[in-house]
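Please look over the sequence and the model shown here before reading on.

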Amino acid sequence: MKMTTAAVYIHNRMLMIAFFMLLIRHLKNISLGMLGYEGSGLKICKQQYKRGTMLPSNDTLNIDVSTETECVFLKPEELADKKAELKLNSSFFNLEFYRLIQVEISFKLKGIALQTIHARELPDCYAFQNTITFNNRAHSGKIKIYFDSDTDIQECKDWHIFSPVLQKNTQYILVFDGFVILCCFTSLILCTRSIVLALRLQRRFVNFFLEKYKRRVCHADQLEFINGWYVLVIISDVMTIIGSILKMEIKAKNLASYDVCSILLGTSTLFVWVGVIRYLGYFQTYNVLILTMQASLPKVIRFCCCAGMIYLGYTFCGWIVLGPYHEKFEDLNTVAECLFSLVNGDDMFATFAQIQQKSTLVWRFSRLYLYSFISLFIYMILSLFIALITDSYDTIKKYQQSGFPVTDLHEFLKDHDSAGYRKDQTSVPFICCCRRQQSDDDLILIN
């Protein structure tokens, strides 16, 4: 048959382009939003292999695999003209589906978002690059249709809004963002200064310990000098400063990096709330979570590295064997997501049921594959993962009752008491407490 079901489907779609263009022509009257058609026109492109012959009855194929692309442009003034109908009836739309790769329809729309006025902000102007793609790359009789729309914010050129409240509200928000940037910048400088002084003190302590006791300080004691909360605050401050600057530019309608801005501000907010746990750590009961995470983290990382090798093996195996028979195993990313869902007990029956039974050998292999993966990861690996954390929790509970093991650093602190220094500091005026003296390097405060 020269005209398959997919061919009839695409043919009908192409005949509806004329109606589609009329809709665009009257877009201002029928759209719910403030949308208008840009003057660049409608662009229709088809990509196909170069000419050849195909005779399925004789199993004969003669085709050039190099591709060619043809395009037709319809200007706005042609949408209501008979020239558009002539172009639609041209040989451009005589599609040969055995060599057709894809058909792409692209057009641009512009719009103005007025809902921001209710939030006492200036309106936004947008440009939409819309693309409709009929994908026939698989040549399987099923043509997939995709719609993609890229949005770009633009500056509204000639706007007149008679409301001084909008201007004042925008200025207040920009002033508040500037205040946030100033606070984060101050915090960044102070935390960075603390980290630098801690590293200097660490180096002096390592050299002193090596000269006096003729042995090196272990890595655990060296890490005691670096406050992890300060590192978290530094990362959060940097992300907040960059995100606030982007937010100010977006408010001023100079940028449209919404995704980058939201990721930076959202992640920095997460780090800020995680940092609140530090203050709960001063209470012994609430400090169990932090100490358990700190004690179990090295073991968990090593365990995840070993389990990850097995996980990657199952991922590649499922992609290679089950890819042609199951939509969840078509590519590596989908396979990894499917297996992770199975580990958490999600969508198990659907994964079993959707495997096609065209090949008995593959169907039996899929059962062995899924049963072994679920049994291994849920009943063994996941249980061991929980056991590692539970063991660290029990260890921390025992340490809180009987006392934590004393390291070389703690022994050194006991032998070198700084009571005399603290006594001298009591006579210093309050304003001088912010000063740093040279003897401060000999003090170590460990939370």
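Lys 247 is partly exposed, with a relative accessible area of 25%. The model under discussion is predicted. The side chain of Lys 247 meets that of Asp 177 in a salt bridge, 3.0 Å from N to O. This pair links distant parts of the chain, as Asp 177 belongs to helix H5 (residues 164-213) and Lys 247 to helix H7 (residues 228-251), 70 residues apart. Asp 177 is buried, at a relative accessible area of 5%.

The count of salt bridges comes to three. They are listed below.

| Salt bridge | N to O distance |
|---|---|
| Asp 177 and Lys 247 | 3.0 Å |
| Glu 68 and Arg 99 | 3.5 Å |
| Asp 391 and Lys 299 | 3.7 Å |

Glu 68 lies in strand S3 and Arg 99 in the loop between helix H4 (82-88) and strand S4 (100-113), 31 residues apart. Glu 68 is partly exposed at 26% relative accessibility, whereas Arg 99 is buried at 3%.

Strand S3 (residues 60-74) pairs with strand S2 (residues 42-55) in the antiparallel sense over 12 bridges. Gln 47 stands opposite Thr 69 in S3. Four residues separate the strands of this hairpin, in which Asp 59 takes a positive phi near 55°.

A nonpolar surface patch of about 850 Å² includes Trp 273, Phe 283 and Tyr 282. Tyr 282 sits in the loop between helix H9 (277-280) and helix H10 (288-322), and counts as exposed at 54% relative accessibility.

Note on methods: Residues numbered from 1 in each chain as written. Predicted model: local features only at pLDDT ≥ 70, side-chain atom pairs only at ≥ 80, totals over all residues. Heavy atoms only, no water. Pairing = 2+ DSSP bridges. Helix = DSSP H or I, 4+ residues; strand = E, 2+ residues; numbered from the N terminus. Patch = residues over 30% accessible without salt bridge, like charges linked within 9 Å, V, L, I, M, F, W, Y side chains within 5 Å. Areas by Shrake-Rupley, 256 points an atom, 1.4 Å probe, with all protein chains shown as cover. Salt bridge = Lys/Arg side-chain N within 4 Å of Asp/Glu carboxyl O. Buried < 20%, exposed > 50% of the residue type's maximum accessible area, 1.4 Å probe, protein only.
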